Amino acid sequence: MTTAVLPQLPADADDLSVWPASTTRLPDGGLAVAGVCLTETADRFGTPAYVLDEGEIRARCRMYRDAFPDADVLYAAKAFLSRAMVRWVDEEGLGLDVCSAGELELAVTAGFPPEQIVLHGNAKSPRDIETALRLGVGRIVIDSPSEIARLAAAVGPKGQQKVMVRVVPGISAGGHEKIRTGTEGQKFGLSLTDGSAQHAIARIMGQPQLQLTGLHCHIGSQITSVKPYLAALRRVVGLMARVRDTHGVALPELDMGGGHGIAYRPGEPALDLTALARKLRAELIESCAAAGLTVPRLIIEPGRAVAGPAGIALYRVLSVKRTGGQVFVAVDGGMSDNPRPALYGVRYAPRLIGRRPDAATCQATVVGRHCEAGDILAADVPLPADVRPGDLLAVPVAGAYQLSMASGYNLVGRPPVVAVHNGRARLLMRRESLDDFRSRDVGF
């Protein structure tokens, strides 16, 4: 009697290194995360769906607290925000950075202390400013000269608001040109080289309603090297020394932003958090000593690095098309729930789950259901050659900048978010429905 030999996936296709630490293999070819079978989750909540491992989120928050015990760690809400996420971050001792009145109000109404929130934005609306002042936000980061007078007027003659100034240090870093924010000639911040930052600081000093507590510097996103952060820190500390010399003020805070890179596929580089914490702290102490400055309180703002690796996107295969030597695997989601591949050329590592394949692998391109040729979720990835309609695909590292950037394109509707923890799954956000679209459409 002969024993059938099952086809083997390439080593990297079976690599779980970028999945949540709680991920385990199941005998039927499936996967469980936090003790919850992903196939059963898809059957229960439908697809597409996003799954968030609560334990992974909490562990990553604690990892940052442990690495930066003497700093303030603020979770960047733009990566992903929900009421549950607000609670997890709060319970793990992190602050928040938000970019709109919507993010701010959701956080505060979910019970987050407003004094531990920082408001960002290159173009803050009147509603953003009014909401921040009404709720008592901890810091407002000034991003342009026009905000200074607007904010001072909104505070009023008897009030006071703590502010920071966003500085552009002239450092190029980030995984794509569209997410490099430390360079000259883009919309964020005030330049060090042309004097804009210094001029804005002088104007703030003349506004008694505004209390300048420090400088802010965010150089980009998906950065995997420590060196750009150190170079940026040296330049910003140099500006802090000039502020001291010009205005006689030693600024007590320095916010170095976030942008900490993570691996989306096995073998990709990620930022070494331990090295970042050690070298950033050492550089801060050394640079301040050289300038004769008291070491300011360090602030960092991780978002992707907290939420990204904790998320999994689940899709059902709708069709498989073999044409021109290519294999296109179309799924029931796409760019409406994840525009990042179309925007930044991001590459993912989808995996067939829920059954064992009966064939070797082939190179396939996973595409979405939307009316765009650029609606591609994962190009040229290894999938079983017998992939077929009805199969379930799981995409790891899906917790950040996917659902938060989702759209209403083709009225497909945004997927639900399901939290998994200690063997239990629960709905955090329901699926967007046709009734939701109809209720917003008030004209006829």
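The model is predicted, so to speak of local features a pLDDT of at least 70 is needed, side-chain atom pairs count only at pLDDT 80 or more, and totals for chains, interfaces and linings use all residues. Residues are numbered from 1 along each chain as its sequence is written, and side-chain values use heavy atoms, leaving out hydrogens and water.

Select 24-25, 31-33 and 36-37, which are strands E1, E2 and E3. Strands are DSSP runs of E with at least two residues, helices are runs of H or I with at least four, and both are numbered from the N terminus. The three strands form an open, antiparallel sheet in the order E1-E2-E3. E1 and E3 stand at the edges with a single partner strand each, so one side of each has no neighbour in the sheet. Two strands pair if DSSP finds at least two bridges between them; E1 and E2 have 2. Look at Arg-25, whose bridge partner in E2 is Leu-31.

**Stop two: aromatic rings.** Rings of Phe, Tyr and Trp (its six-membered ring) pair if their centres lie within 6.5 Å; planes under 30 degrees apart count as stacked, over 60 as edge-to-face and the rest as tilted. How many aromatic pairs are there by this rule? The count is 2. Tyr-64 and Phe-68 are stacked, 6.4 Å centre to centre with 10° between the planes. Next, select Tyr-264 and Tyr-348: their centres are 5.5 Å apart and their planes at 90°, so this pair is edge-to-face. The two residues are 84 residues apart in the chain.
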